[in-house]
Amino acid sequence: MKSFRLTEEEMEYLADRYPTPFMVVSLDRVEKNYRYLCEKLPRVKVFYAIKANSEPAILQRMAALGSNFDVASIGEIRLLASLGVPGSRMIYANPVKPAWDIAEAAKLGVDRFTFDDESEIEKMAAGAPGAQVLVRVQVENDSAVVNLNEKFGVVPDKALSLLHKAKEAGLVPAGICFHVGSQSLKSEAYGRALTLCRRLFDEAEQQGMKLTVLDIGGGLPIPEAGQPEPDLDAMTEEIRRHLDRLFPEVEIWSEPGRYMCGTAVNLVTRVIGTKERNGQPWYVLDDGMYGSYNGLVFDHWTYKLEFFQHGVKVPSVFVGPSCDSIDVVARDYPAPVLQVGSLVLSPEMGAYSSSAATGFNGFQPAKTIVYEDNIGVAENISAMAR
């Protein structure tokens, strides 16, 4: 799987124009990821999970490509609406929603919702009468980096009773959804989940309820430091075979987040201080755990740090700029000797980084710039070289 990556010359050129830290997003990489998924899973309707990265430029490119959107809050719905995306292209995929948010979402044209508990039915029926609903079921997957089935999903044996109750309340039981977990490293979890859903579809039909939609969630992985390169060709091919065999006439939806944007963004940060502690180099960066590297806590993620300096690499410690001692980006990370002002590049920073960054201690989240808006970089670098 290819990732967008700045060259040393491009990084330095941009760092002369923009104060660090900053994110650089390649919209062309986002588009390539989208088109790859459409090619490999041609029956699947994409609902981009904007919680992974809600940068407006990404949303606008995805909308122009024809993508639909998975939203988790009224704030995300309002954001898309402000960009001209109608509610008919969204699914409110948070299983638990405030009653007033459901009503506002319906007014903005959202008519597809997920749920996993009886307590949600009355709210949806009151705020969005006649809406299509999908029940989310709990599935097992030990290979996912982030387990999304402890907090979400009803046990499968109770799923159909919830759909019947939703129908009695005036809602339209459209189908079933699941999520194998974020950064799922094996395709077997999809096979087990799809087999389970086939059984539920069959039981629903026997009970006189014809389901028409299956939402397979997200979970497709991207490269991560210290992990084997994921084989997306093999994973998508196995998922496609299962879908064609088990659900040949069912409408299929998917909610990719990390996969769509994770490989499309680089972070450029700078060393703002150096120390030696217990005989080991320490480097203070102008971004840290409370900013773009927040996935160390929230996303169980391991980040790559890349340097363009030469020389012997020694185990070093990298920390963020805040006045909190837990703000550590990496320990014992092999690095050459760096100086105040040295630039550090982190690739694969597009998912769950800027979207969860805070302003703790007054350090503002890294600004995002669009690579293609600075496409003249290559020409400028060539001119400077001459």
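1. Terms first. Helices (H or I, at least four residues) and strands (E, at least two) are DSSP runs, numbered from the N terminus. Residues are numbered from 1 along each chain as its sequence is written. The model is predicted, so local features need pLDDT of at least 70, side-chain atom pairs count only at pLDDT 80 or more, and totals for chains, interfaces and linings use all residues.

2. The loop between β16 (343–346) and β17 (367–370) holds Glu348. Tyr352 is found in the loop between β16 and β17 too. Phi of Glu348 is near 50°, positive in a residue other than glycine. Tyr352, also not a glycine, has a positive phi of about 50°. As background, most residues other than glycine have a negative phi, and most peptide bonds are trans. Is Glu348 buried or exposed? Glu348 is buried, at a relative accessible area of 6%. Here buried means under 20% relative accessible area, exposed over 50%, and partly exposed in between, with a 1.4 Å probe and protein chains only.

3. The bond from Thr20 to Pro21 is cis, with omega near -5°. Pro21 sits in the loop between α1 (8–17) and β1 (22–25).

4. Next, strand β11 (residues 251–254). Strand β2 (residues 44–49) pairs with β11 in the parallel sense, over 3 bridges. Two strands pair if DSSP finds at least two bridges between them. In this pairing, Val46 stands opposite Ser254 in β11. Strand β10 (residues 213–215) also pairs with β11 in the parallel sense, over 3 bridges. There, Asp215 stands opposite Trp253.

5. Now the second largest pocket. Its space comes to about 210 Å³. A pocket is an open set of points on a 1 Å grid over the protein atoms alone, where a 1.4 Å probe fits, with protein on both sides within 12 Å along at least five of seven lines; lining residues have an atom within 4 Å of a point. Grid points are joined across faces, edges and corners, and the volume is the space filled by probe spheres set on the points.

6. Which helix gives the most to that lining? It is α2, with 4 residues. Both α2 (27–40) and α9 (232–246) supply at least two residues each. The lining includes Met1, Lys2, Arg29, Tyr36, Asp233 and Tyr259. By class, the lining residues divide into 5 nonpolar, 1 polar and 5 charged. Ala, Val, Leu, Ile, Met, Phe, Trp, Tyr, Cys and Pro count as nonpolar, Asp, Glu, Lys and Arg as charged, and the others, Gly among them, as polar.

Conventions
Side-chain values use heavy atoms; hydrogens and water are left out.
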